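Me: I would like a close look at one part of this structure, and then at what surrounds it. Please keep the wording plain.

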Amino acid sequence: MKLKKNIATSESGFVFNPSSGDSFSLNTIGAEILLQMKESKSSEEIKKDILNRYDVDKSLLEKDWDDFMSQLRDNNLLEF
Amino acid sequence: MNEVAKRKICVAVTGLNAIDSPGPGIAVIRGILDCTAWDVKIIGLSYESLEPGIYMHDIVTKTYQIPYPSAGSEALYNRLIQIHEQEQIDVIIPNFDAELQNFIKISKDLKKEGIGTFLPSLAQLEARDKVNLYNFGKQHNLLVPADRIIYKAEDLKSVIEQFDFPIVVKGKYYEAVVAYTLEQAQKAFHKLQAKWGLPIIVQQFINGTEINIAALGDGKGNTISAVPMRKLYITDKGKAWAGITLEDQSLIDLAQHFISATKWSGGFELEIMRTTDNKPYIMEINPRFPAWIYLTTGAGQNQPAALVKMALGEEVKPYTTYEVGKIFIRYSWDLITNIEEFQKISAFGEL
């Protein structure tokens, strides 16, 4: 899952797609995930980092991860 | 160090109706005034006494009323020469679709009097007219929705056999109504006919994201500037009340393709509907700057100033970059004036 190269993100969770003009607000964890995706970290690396730092069940993380990725895809923020 | 005196120029501009569905004049003026290359005097050219720009004395030095387009090109020429004798106009920028034909017709005569313009030719103006747009698109390999040109409301019945609802019913010069039933289409036909005359254009409805491109061609096929914008807030008349500049090379390519194919001279706006499968349909081509043109200045491509330079005969290099994510937000402002001012422009045609 790769974020499109031109997507602008900020630490506060604001996301801007310069091709479509769409903007989005993410919560803290969403913003963290996107910033790590911007740093070209793999899905596994990011998920591992979340499991290390948060008290979250692995299966719940997988479910939420898939849901978040599908939202990013639906909003045209991911490379095909 | 002595400051080098700037060249003094006088630019006359129409479209001072900075109302809810605004003319581009005030935005064009702001762009020109932002350019530090000259010492500019702005002359307003108005049609009606309550065009807000007439009263904006901080940016418009003086305004003169000019005859309505229906009075013809000779009446316009005579009035402009009268104003020129007072003000020594260097450049005129007309900003309404309906007046362009007259201005183009007299542009050579104006040039002889020392007044520059930078306008498309009559042939270019007519080729991109709503009435000819579909064929124009086919000729130049541009995506344009299918349409029918009709002169009678009864023809709508045969149109709906061709297109599925909804359909877009468009006036000759301005306004468009999306109709979902035959009754709505008939109502729109009569309303638009009464306001703008015939024919009426009925266009296939295209679903997607509205994107506009403001661009400037040098008349030789070169693109001086092209800036795409997505509307972020749309009024009930379909006008952008806020918008943002986009980064999308395919949109720039589209504007460049249009300019190289037509050798367009002057400013224009492409109204695009981008479908979910990323096809850019050209819905309309406006043969002048749009009302949001000041965003191009804000984003780093001052199209109004570039047009003035070309109208003055100066060489202008194409812009290559602009700021993406630059936003304009329009606002309304109550300007207070006195009855004496309104009286002057109404009675004497000058203020």
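How many bridges join strand β10 of chain B to strand β11 of chain B, and which way do the two strands run?

Reply: This is a predicted model. In it, strand β10 of chain B covers residues 223-234 and strand β11 of chain B covers residues 240-245. Five bridges join the two strands, and they run antiparallel. One position to look for is B:K231, which stands opposite B:G243 in β11 of chain B.

This pair belongs to an open sheet of six strands in chain B. The order across the sheet is β13-β12-β9-β10-β11-β14, and the pairing is antiparallel. In that order, β10 has β9 on one side and β11 on the other. β11, in turn, lies between β10 and β14. The edges are taken by β13 (280-286) and β14 (327-329) of chain B. Each of these has a single partner strand, so one side of each is left without a neighbour in the sheet. From one strand to the next, the twist averages 30°.

Domain 1 of chain B is made of 7-119 and 334-348, while domain 2 of chain B spans 146-204. Taken over C-alpha atoms, the centres of these two domains are separated by 34 Å.

Chain A can be described beside it. Chain A has three helices and three strands, and along the sequence they follow the pattern β-β-β-α-α-α. The radius of gyration of chain A is 12 Å, close to the 12 Å that the globule rule gives for 80 residues, so chain A is as compact as a globular protein of that length. Along the principal axes, its C-alpha atoms fill a box of roughly 35 × 25 × 20 Å. Of the 80 residues in chain A, 34% count as buried. The accessible surface of chain A comes to about 5,100 Å², and carbon and sulfur atoms account for 48% of that surface.

Helix α1 of chain A (residues 28-38) shows where some of the burial lies. Its buried residues are A:G30, A:A31, A:I33, A:L34, A:Q36 and A:M37. An α-helix has 3.6 residues a turn, so residues three or four places apart point the same way. The cover over the buried residues of α1 in chain A includes the strands β1 (8-9) and β2 (14-16), together with the helices α2 (43-53) and α3 (58-74), of chain A. Just after α1 of chain A, A:S40 takes a positive phi of about 65°.

Definitions and conventions: Residues are numbered from 1 along each chain as its sequence is written. Chains are lettered from A and ligands numbered from 1 in the order in which they are written. This is a predicted model: local features need pLDDT of at least 70, side-chain atom pairs count only at pLDDT 80 or more; totals for chains, interfaces and linings use all residues. Side-chain values use heavy atoms; hydrogens and water are left out. Two strands pair if DSSP finds at least two bridges between them. Helices (H or I, at least four residues) and strands (E, at least two) are DSSP runs, numbered from the N terminus. Axes are lines fitted to C-alpha atoms, for helices over the stretch in contact, and angles run from 0 to 180 degrees between N-to-C directions. The radius of gyration is taken over C-alpha atoms; the globule rule is 2.2 Å times the number of residues to the power 0.38. Buried means under 20% relative accessible area, exposed over 50%, partly exposed in between (1.4 Å probe, protein chains only). Accessible areas come from the Shrake-Rupley method with a 1.4 Å probe; for residues, only the protein chains shown count as cover. Domain bounds come from an automatic or database domain assignment. Contact means heavy atoms within 4.5 Å.
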